Amino acid sequence: MIVPYGDVLLLAIILFLLGAVCSISRRNLLMILIGVEIMLNAAGLAFVAASLKWSLLDGQAFVLFIFAVAASEVAVGLALIVYSQRRTGSLNADRYDSMKG
Amino acid sequence: MKTILFLLLSFPFLGGFILAVIGRYLPRRVAEWIACASVLASLLMAALAFGSAGEKRYLLTLFDWIQVGDFSASMTVYYDRLAAIMALMVTFVSSLIHLYSVSFMRDDRDYVRYFCYMNLFVFSMLVITLADNLVFLYLGWEGVGFCSYILIGFWYSDVVNATAGRKAFILTRIGDVAFGIAIVLFFLILDQLSIFSINSKVASLSAGTATLLALLLFWGAVGKSAQLPLVVWLPDAMAGPTPVSALIHAATMVTAGAYLLMRLFPVIALSSIAMVTIATVAAFTGLFAALAALGQKDIKRVLAYSTISQVSYMFLAVGAGDITGGMYHLFSHAFFKALLFLGAGCVIQALHEEHDIFKMGNLRNRLPAVFWLYLVGSISLAAIPPFGGFFSKDRILLSTFSHPEPIYKFLALIAEIGAVITVLYTFRMFFVAFLEKPSAGKDLAKKDLKIPKFMVWINSPLALLAIFAASLNFPEAFGGKAWLAHYLASIPGGIPLFPASTPIERSMEIGSGLLNIAVLIAAYFVYRPEARSLGWPTPLVFRQRLEELLSSGFYLDRLYQVALVKPYQAMARTLWLKVDEAVVDDQFDATANIFRFFSSGLQLWTTGRLSTYLKMLLLGFTAIVSALALGWYYLR
Amino acid sequence: MTLYAVIFYVLAVVILASTLLAIIQRQVIHAVVYLIVSFFATGLLFYLLGAPFLAALEVIIYAGAIMVLFLFIVMTVRAESGEDKGEIYHWLPAVVLAIISFFVGGVLIFKIPGSKMSLNTGMASPATFGQFLFKNYWFPVEIASFLLLIGLVGALYLGRQESKKESEDRR
């Protein structure tokens, strides 16, 4: 007996919202990416909990895929950030508003 | 016969069409040849038809035109004796005027446009002359109105001319509306649009219907022929080239109104109210126009008012029931008025576009040929015996006088006064313009423009006809052969309704002839060069007022301006500024502005910044989850 | 209150605290380090919830590769610090929305049946997990490897140094 299933999910939700807040309210591009990582992690946690609840391994398999995707996404995302920093010299998300209007 | 009539109509039309399409690329002489040849060919056809027609009347369909359900209107012609001689006259006068125009417009660069529209005009006039189907006739009616508008405003770069053309068009249009209504009524009541059938079925009309129809037709004729009250366009129409004035406003278009009434005479004769109305309007128009002509300074305006007056005689004839008299006067008027206009054209060109008769003078020496031609025309216009004008006008006066209703006697008196004043204004014009001015030197002749001899001599056939038109219908009371009367005896109205008895005829003719000669002598004393004045000796102030009254045509133009034109323009301006722009246009703008307002509000959303979009994502996520929660909460 | 429950709650507190601290930091490096702590704790949590293989992977990949990558980038890129002044209008909407979502989410969780039930303990050994994975989900595994290849190529291309000529072409 560990904990009620709902508690684990609650933890996952709080983590997810923390990641969302970080992603939305920070202007630094790197912090936005970090928020995304936190959200992905929270989703993984929820999957593991569900997999334990239903005693199925599919949830864990999906967490593996989340890891893979997160890794490649971070690689490409960071490469993009570096590139755009070279282009515009700033990591502030507010500077990238040429699509305004 | 059918071919001849078809060719009669198509030659001018083809001429106009060819000139319209390729006239610009042809050499000048070729274009002029095409124009004149088409009208001359038409004349030939008219002569052929006249010769071969004899006693017969023809009702021929040339072309099936409109066919819609129950309604069909085909291009039918009704060639009876009335149409025969009218067609002959129209083509003859048109040919002469076309030849004259070649010379008159020799310096003008727009000759293609001119000749194209002259040809189309001749076509439309021939359609009016020959048409049987009323819709076909309406086509010709509108055609002459349109060509007249174009030709009056021919030199359109001067806005005065364009305005004159527009004025003519609008006023004749007012008349055309009534004519259109009459056509519709004919169709509704009689189920017929053919003149021939209408004339045969006329007995089935009640007097009231006939009155209505006759008055509508009369209103249409009033517009086209410039009678009161739609009279003000004709004096202004003198802005066009002089041959145009000669053709349209002397010989053909203005007589089309009278001609229409003559064609549909059985309908009109059925209603005595209509006849009286026609005669009254005609008589008063005649007097009005004659008085106005007395005050004009421009030679063409004198002739314009004179036309109004003379055409009113033709209407008076219709009102009195004498078609033969009307046609007789129509012919002799066509000849002498065309002669006068063309002569005036020669004078105007020779004197460098001078229109004011008080600035002309001494033309006997400067333009001798024109002097004699103009003299012939003036004598004919003033109805001095033995020239044609006298017999035709007198016949009309006679018919009016011998009408049994008492009002006709009064109208005959008015018309007689008009005739007297005709002598006055005609010879005022002649003496002032043509006789020697005492102060003029001999060297004036050197400054004149040399006009081509052709232009002057082409008028001689007209002069001859003006002199010998008397023989067309020499009254039998004096032992002559009234050839025209016999010719037209077979058409309805050909025989006057109330023929005068011989003694009255004789005494009236002799009396009016002497009267006219007396007035001529009086006019000489008043208007000879030594005694230059407007007229009778009167105090100066009174004379000035009188001059203004007459020269402006009894202020009729100004009355229309104030009563009709200005309110209409004011209304149009109000509707434009207040209603169209303020309400209609601004409504669209307001509707568009609502959208603009909303979209500018929405525009605040697209900031282009990542954080905004991410916020929106979270907002969306919240919304979905809340919806789910609510759903689950309530489903439990 | 079993031992496992205690461990769980402790780990939960650690995770929440470190994540909270991570998202508040001004300096990105500090945030990354706090996040590494958070991921470690998450890894332990995975182990508690019966996924040892995933716990290892979490530490290796997430904490070990991804966060280290972040560190490299942060140190390489010369970013101006003090970008975020922490204005209230930046984080207030986010926090408000987060709180709303939290309550709604909470309602959702506690309405589903079985949320009050305690989880049983279990352990999926790596061998079992591997067999399961390659029996049922071999295709997504291949796709995932392909995805990683694409990411690799993309990162290489984006990260290359541009020659003079290329940067002039762009201008």
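## Where chain B meets chain C

A polar contact is a pair of N or O atoms within 3.5 Å, and within protein one of the two must be able to donate a hydrogen and the other to accept it. In this predicted model, the rule finds 1 residue pair in polar contact across the interface of chain B and chain C, with both residues at pLDDT 80 or more. On the side of chain B that touches chain C, the residues divide into 8 nonpolar, 2 polar and 2 charged.

In terms of residues, 12 from chain B are in contact with 13 from chain C, and the two chains bury about 1000 Å² between them, 82% of it on carbon and sulfur atoms.

## Chain A

Chain A has 3 helices and 0 strands, which gives the pattern α-α-α when the chain is read along its sequence. Of its 101 residues, 63% are buried, while the chain as a whole exposes about 3400 Å², with carbon and sulfur atoms supplying 70% of that area. If we consider the contacts in chain A between residues at least 6 apart in sequence, 55% join residues at least 24 apart.

## Salt bridges

Over all chains, a search of the whole structure finds 9 salt bridges. One of them, in chain B, joins B:Arg113 to B:Asp110, with the closest N and O atoms 3.0 Å apart. B:Arg113 has a relative accessible area of 23%, so this residue counts as partly exposed, and B:Asp110, at 34%, is also described as partly exposed.

Another salt bridge links B:Lys167 with B:Asp236, where the closest N and O atoms are 2.4 Å apart. Because B:Lys167 lies in helix H6 and B:Asp236 in helix H9 of chain B, this pair ties together parts that are 69 residues apart in sequence. A further salt bridge, between B:Asp322 and B:Arg395, has its closest N and O atoms 3.0 Å apart. Here B:Asp322 lies in the loop between helix H14 and helix H15, and B:Arg395 in helix H18, so the pair ties together parts that are 73 residues apart in sequence. Both B:Asp322 and B:Arg395 are buried. Elsewhere in chain B, salt bridges that share partners join B:Arg28, B:Arg29 and B:Glu32 into one network.

## A buried serine in a loop

B:Ser271 lies in the loop between helix H12 and helix H13 of chain B. Its relative accessible area is 2%, and B:Ser271 is therefore buried, since buried means under 20%. Leaving aside residues up to four places away in sequence, B:Ser271 touches B:Ala207, B:Ala210 and B:Thr211, and a polar contact of 3.0 Å joins the side chains of B:Ser271 and B:Thr211.

Terms used
Residues are numbered from 1 along each chain as its sequence is written. Chains are lettered from A and ligands numbered from 1 in the order in which they are written. Side-chain values use heavy atoms; hydrogens and water are left out. Contact means heavy atoms within 4.5 Å. Buried area is the accessible area (1.4 Å probe) that two parts lose on being put together, summed over both. Ala, Val, Leu, Ile, Met, Phe, Trp, Tyr, Cys and Pro count as nonpolar, Asp, Glu, Lys and Arg as charged, and the others, Gly among them, as polar. Helices (H or I, at least four residues) and strands (E, at least two) are DSSP runs, numbered from the N terminus. Buried means under 20% relative accessible area, exposed over 50%, partly exposed in between (1.4 Å probe, protein chains only). Accessible areas come from the Shrake-Rupley method with a 1.4 Å probe; for residues, only the protein chains shown count as cover. A salt bridge is a side-chain nitrogen of Lys or Arg within 4 Å of a carboxyl oxygen of Asp or Glu.
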